[in-house]
Amino acid sequence: MLMTFFSSATWESWGLSSQPVIPDRMPILLDDDLLFEDSAGPRVTTVINRWAQELPANGCPAPNSWETYVRVVRDWTLFLASRGVQLFDNRRDLRRGLSAYAVHRACGPLKERFASSPGTST
């Protein structure tokens with residue numbers, strides 16, 4: 001799963017009648033095959049991208065925060081997939097996946113652990 005950032009810098013050359021409403025610097029997730037849907041409908045990346053584009057309207061106007069949120073959801077989605085759980089699986093499987101992810105981020109490889117919060121003792 002790839003992540004890039006939207007730029008409307010040359011939108012006039014895209015053959016559109018108006019500038020896209022996606023904010024510049026909005027993170028965009030892409031599957032390795034660059035498809036946004038398949039026979040099952042919109043892919044997970046498409047749903048995450050739609051959610052991300054609503055972040056400014058939902059109280060998150062800072063581009064740096066968009067990147068952080070999308071990166072976290074991407075990493076969690078990839079972790080789930082590596083355990084055979086999909087983002088739209090049933091509640092029971094998602095809760096198990098979330099539990100496994102919490103352990104992974106707390107006790108897994110050092111480079112993947114949550115950073116300590118300022119003011120917390122270790």
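How many aromatic pairs does a search of the whole structure find? I searched and found three. I counted a pair where ring centres of Phe, Tyr or Trp (its six-membered ring) lie within 6.5 Å, with planes under 30 degrees apart called stacked, over 60 edge-to-face and the rest tilted.

Notes on the source. The model is predicted, so I took local features only at pLDDT of at least 70 and side-chain atom pairs only at pLDDT 80 or more, while totals for chains, interfaces and linings use all residues. Residues are numbered from 1 along each chain as its sequence is written, and side-chain values use heavy atoms, with hydrogens and water left out.

Entry on Phe 6 and Trp 14. I find these two rings edge-to-face, 6.0 Å centre to centre and with 70° between the planes. Phe 6 is buried at 14% relative accessibility, and Trp 14 is partly exposed at 38%. Here buried means under 20% relative accessible area, exposed over 50%, and partly exposed in between (1.4 Å probe, protein chains only).

Entry on Trp 51 and Tyr 69. I list this pair as stacked, at 6.5 Å centre to centre and 15° between the planes. It links distant parts of the chain, 18 residues apart: Trp 51 sits in helix H1 (residues 44-53) and Tyr 69 in helix H2 (residues 63-82). Helices are DSSP runs (H or I, at least four residues), numbered from the N terminus. Trp 51 is partly exposed at 33%, as is Tyr 69 at 40%.

Entry on cysteines. I looked for disulfides, meaning pairs of cysteine sulfur atoms within 2.5 Å, and the count is zero. Cys 60 is buried at 8% relative accessibility, whereas Cys 107 is exposed at 58%.

How values were computed:
Helix = DSSP H or I, 4+ residues; strand = E, 2+ residues; numbered from the N terminus.
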